[in-house]
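This report describes the pockets of a predicted model and the sheet around them. Please consult the sequence and structure below alongside the text.

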Amino acid sequence: MSKPSVTRTAAARIPTRYGDFQLCYYTNTLDNKEHLAFYMGDLAQAEGALARVHSECFTGDVLGSLRCDCGEQLDRALALVASEGLGVVIYLRQEGRGIGLEQKLLAYNLQDQGYDTVDANLMLGHGADERSYSLAACILDDLGVQSVRLMTNNPAKITALQAEGIKVVARVPLEIAVNAENQGYMITKAKRMDHLLFSKPFASSHHSDLHEPQPTN
């Protein structure tokens, strides 16, 4: 199977409360979805640029659902990019860790019956996490980014991007405060999906800097 590729077909200035960003629309050879890059500053040849690879979450990003931390992570990432004046948020259309919105809603119903987010996906015949980051790597290449400081709590995302040839020089945590609705979800991500969360109350021996690229000077 040939390596996927992306084509930037349109771009426009998007003013936000944080400042002006550029929004780029990409088509690709892997799927028929519209993946996006939302960036600030000159990324061509940028070293150590702040980057967030954010998977679509309609319920959290748009509706402000409290069942997850996605919307708050997206907002925090945009604020961090704006504070530095240079960086990118890549928005991948892979809702529900890749299972789609309809299946995610069915998984929510199972979670309301007491199953955690991993078991709910498995009960519906899906993997715990079906996301791919190959198109994110293609978009970073198209933008000319040389290396990134990745805004994430997920070490698997770092590993996946590195496998695609992206140089990740540091991890920037995006840990969001827990609420009553998402506490179980967040604990499951930490304990069953190895996300780097709850460093004090839920620390374990494998949640260490061994998962993370070491910052370079």
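## Lining of the largest pocket

At least two lining residues of the largest pocket come from each of strand 3 (35–40), helix 1 (58–62), helix 2 (70–84) and strand 5 (87–92); helices (H or I, at least four residues) and strands (E, at least two) are DSSP runs numbered from the N terminus. A pocket here is an open set of points on a 1 Å grid over the protein atoms alone, where a 1.4 Å probe fits, with protein on both sides within 12 Å along at least five of seven lines; lining residues have an atom within 4 Å of a point.

The volume of this pocket is about 210 Å³, a volume being the space filled by probe spheres set on points joined across faces, edges and corners. Leu23, Leu36, Phe38, Leu74 and Tyr91 are the closest to its centre among 13 lining residues.

## Second largest pocket

The second largest pocket has a volume of about 170 Å³. Its lining includes Asp31, Lys33, Arg93 and Glu130, as well as Leu30 and Ser132.

Seven strands form an open sheet with mixed pairing, in the order 1-2-3-5-4-6-7; strands pair if DSSP finds at least two bridges between them. Strand 1 (6–16) and strand 7 (168–172) are the edge strands. Strand 1 pairs with strand 2 (residues 19–28) in the antiparallel sense over 10 bridges, and Ala12 stands opposite Leu23 in strand 2.

## Conventions

Residues are numbered from 1 along each chain as its sequence is written. In this predicted model, local features need pLDDT of at least 70 and side-chain atom pairs count only at pLDDT 80 or more, while totals for chains, interfaces and linings use all residues, and side-chain values use heavy atoms, with hydrogens and water left out.
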